[in-house]
Amino acid sequence: MSHSAWSSNVKFENGQLTIAGTTASELAREFDTPTFILDEDDFKARASAFVNAMQKSFSGATVYYASKAFTCKQIARWCNELGLGMDVATGGELEVALSVNFPASRIEVHGNNKSLSEIDRAVEVGVGCIVIDSIQEIGRVADAAKRHGKTQSVMIRLNPGVEAHTIEAIATAHTDVKFGLSISSGVAWDAVIEISKHSQLDFRGVHAHIGSQIFNMDGHRLTIERMLDFMARYRDEFNRELPEVDFGGGFGIVYTAEDAPLAIEDAVAQIKDAVVNGCAARNLKIPHVAIEPGRSIIGPSMFTLYEVGTTKLVQLENGTRNYISVDGGMSDNIRPGLYGAIYEAHLANRTSSAPNTPSRLVGKHCETGDILIRDIDLPSDIAPGDLIAIPATGAYNRSMASNYNHVPRPPVISVRQGSAKVIVRRETFEDLLHLDA
Ligand SMILES: Cc1ncc(COP(=O)(O)O)c(C=O)c1O
């Protein structure tokens, strides 16, 4: 079965890519390229599907949107309207949410090295939960709570020692990583003891996030088992049940036809099965359950639109390769360079009857590794002025974008029912120069 990497309102009509009734050519004319195009209804449908599936499975469940995948004010407003919480991993992500009055009580704060000022700000504004990721952090959060005269809810990020089936760079819960507190080494339990010494901290439960772009739930299921064991130990030793558990994100999406992710409802059903059976086996009450999807909400909802600037047919020992250079590159999509992520690309402004030829889609930066797609067959007549669209660039693309070569970062344009609006404007040279003394 082949899977589509496009969001639900993208169609190809007479060779023209259209999204919710607007053509790629119209979008390029109005907003220029490179540009991220967001399918608003698709984003909302994915976010709501997670909320509905979780609330059907667990009473009062929370879906935190993982801001790191991509955030901006409009995303935070939509998350608020749709009843999601927000997971933030830095002071900057926190400020985005606060800037649109996202309720602090529905914000969960992550980070393996939260600064003192980030902790202070989080406590001051009353975030719902801070997820402890080191022993040192416990005293820092307690001090901030004391300063502000508050009790702060905390969870512990556990490292359950589970190998997620994904790229190493985005697996987060095997033994040799910087995230979380290891259950097996005993340091997670040390954190429990340390938290119990601080009356300003309300220990709510445990968290784990095992990695990203995961297609099968075996890793999550094993993680749930280990987390429930930990919670049962806590009940036995402290004579109190932890009321909350958070299983992180990590649900995979389609980047190419090879990718076969689970439907949102199926992934949640597996979590439910593991939690219900696991709690029954340990005689635990079903806790308040949360998850933190990022990629699987925003990833498929965006594509990147580029214009071709040059083409170059390079002679190889055994054939040729057409280098197609577009007007963005590693500054708007670092994932292929960072960890070999694979994308597909399509001609977006016309049909072509020319035969496909081995091609490499590259950017405009001064790096040989500035490659968006290493090997792709594309029509041999692709020429300057053509538009190329790469699907599924919503997650960890704009949010990881850089100004390498002093390239202004692209805008994000949201499209819905034939109308398009800027939700993040294009950076200008002035923006870039603004920072210089
Ligand atoms: C703690 C935590 N939660 C949630 C996520 C979101 O993961 P994904 O985008 O794969 O759903 C991440 C991603 O790195 C994370 O570190």
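Which residues does I298 touch, not counting residues up to four places away in sequence? Its contacts (heavy atoms within 4.5 Å) are L38, F43, Y65, A69, F70, I75, G394 and A395.

## About the model

This is a predicted model, where local features need pLDDT of at least 70, side-chain atom pairs count only at pLDDT 80 or more, and totals for chains, interfaces and linings use all residues. Residues are numbered from 1 along each chain as its sequence is written, and side-chain values use heavy atoms, leaving out hydrogens and water.

## I298 and the cores

I298 sits in helix α10, residues 295–298 (a helix is a DSSP run of H or I, at least four residues, numbered from the N terminus). I298 counts as buried because its relative accessibility is 0%; the cut-off is under 20% relative accessible area with a 1.4 Å probe, protein chains only.

Together with Y65 and I75, I298 has the most contacts inside the largest nonpolar core, which has 85 residues. Such a core is a set of buried Ala, Val, Leu, Ile, Met, Phe, Trp, Tyr and Cys residues joined through side-chain atoms within 4.5 Å. A second, separate core has 22 residues, including I253 and Y306.

Now back to I75: leaving aside residues up to four places away in sequence, I75 touches L38, F43, Y65, F70 and I298.

## Over to G252

Between I298 and G252 there are 46 residues in sequence and 12 Å in space, going C-alpha to C-alpha.

Conventions:
Buried means under 20% relative accessible area, exposed over 50%, partly exposed in between (1.4 Å probe, protein chains only). Helices (H or I, at least four residues) and strands (E, at least two) are DSSP runs, numbered from the N terminus.
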